[in-house]
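Subject: Structure for your review

Dear colleague,

Please find below the structure that I am handing over to you. My findings follow it, arranged by region.

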Amino acid sequence: MEQCAYIGLGSNIGDRELKLLMAVAELGKLPQTRVTAVSPFYETEPVGGVPQDNFYNAAVRLNTELAPLELLERLKKLETEVFHRVPSERWGARSMDLDILLYGELVFDGAELAIPHPRLAERRFVLQPLSDIAPDLVHPILGKRIIELLTELTSPEKVVRI
C-alpha cells in the first residue's frame, strides 16, 4: 500500500547544491516510489558542536510502496554508493545525509530506525524545509502541525533560503 514519506536531505562536502539535486533525482529512481514535492534549499549552520562547513538542506515528499526498513536500506545504499559517504564522527561532515523524517502516520521505534525522526521537532534545518512542503502535516506523537513546531522553536540555528 502506498504511503507518503518525508525525507530530509543534507550535504556539507563538495558541491552541496549539486548533491541535493542529484539526491532528488536518485530518490525519483527508487522502485515503487515517486517524488511528489521538493522544498527550497537552505544553507544551515551545523549542529552538534563538531567544527565543519555549513550544510545545504532540503526536504522531499515521496509516495512509496517501500516498507520503512526497506526505504531506509535504499537511502543508506544511495548515501554510500552514489555519494560515497564514509563513516565519520556523530554529527560530523557528510557528502549526503538522507533521513526518513515521517512515514505516513507511523510511530516506530526500532534498533535501526525511529519514526518520526527523534530530533525532528528540535531542528530548524529540518522544520523549515518541511514546513515549505507540508506546513499542516501533524507530528504523530506531538499532535502539532509542522508550522506550529517551527513557530514555537527557540533554537538559534541560522537557516537561510538559497
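For the helix packing described next, axes are lines fitted to C-alpha atoms over the stretch in contact, and angles run from 0 to 180 degrees between N-to-C directions. Please note that this is a predicted model.

Helix packing

Helix α1, residues 16–28, packs against helix α2, residues 68–82, at an angle of about 130°, and their axes are 11 Å apart. Angles over 145 degrees would count as roughly antiparallel and those from 65 to 115 as roughly perpendicular; α1 is therefore oblique to α2. The crossing of the two helices, α1 and α2, is right-handed. On the α1 side the contact is made by Met22, Glu26 and Leu27, which meet Leu75, Leu78 and Val82 of α2. By class, the residues of this contact comprise 5 nonpolar, no polar and 1 charged.

Nonpolar cores

The largest nonpolar core holds 25 residues, of which Ile7, Leu9, Leu27, Leu71, Leu98 and Ile100 touch the most other members. Two or more residues come from each of β1 (3–11), α1, β4 (55–64), α2 and β5 (97–103).

Glutamate 17

Glutamate 17 belongs to helix α1. Its relative accessibility is 41%, so glutamate 17 counts as partly exposed. Apart from neighbours within four places in sequence, glutamate 17 is in contact with Phe41 and Tyr56. The C-alpha atoms of glutamate 17 and serine 131 are separated by 20 Å, with the two residues 114 apart along the chain.

Helix α3, residues 124–133, is mostly covered, with 8 of its 10 residues buried. The buried residues are Arg124, Phe125, Val126, Leu127, Pro129, Leu130, Ser131 and Ile133.

The loop between β7 (114–115) and α3 contains proline 116, and the peptide bond that joins isoleucine 115 to proline 116 is cis, with omega near -5°. Histidine 117 is found in the loop between β7 and α3 as well. Is histidine 117 buried or exposed? Because its relative accessible area is 15%, histidine 117 is buried. Leaving aside neighbours within four places in sequence, histidine 117 is in contact with Asp99, Ile100 and Leu101.

Backbone points to check

Most residues other than glycine have a negative phi, and most peptide bonds are trans. Glutamine 32, in the loop between α1 and β2 (33–38), has a positive phi, near 55°. Histidine 84 likewise has a positive phi, of about 55°, although it is not a glycine. Histidine 84 is located in the loop between α2 and β5. With a relative accessible area of 58%, histidine 84 is exposed, whereas histidine 117 is buried.

With kind regards

Key:
Residues numbered from 1 in each chain as written. Predicted model: local features only at pLDDT ≥ 70, side-chain atom pairs only at ≥ 80, totals over all residues. Heavy atoms only, no water. Helix = DSSP H or I, 4+ residues; strand = E, 2+ residues; numbered from the N terminus. Parallel < 35°, antiparallel > 145°, perpendicular 65-115°, else oblique. Left-handed = near helix turned anticlockwise from the far one by under 90°. Contact = heavy atoms within 4.5 Å. Nonpolar A, V, L, I, M, F, W, Y, C, P; charged D, E, K, R; others polar. Core = buried A, V, L, I, M, F, W, Y, C linked by side-chain atoms within 4.5 Å. Buried < 20%, exposed > 50% of the residue type's maximum accessible area, 1.4 Å probe, protein only.
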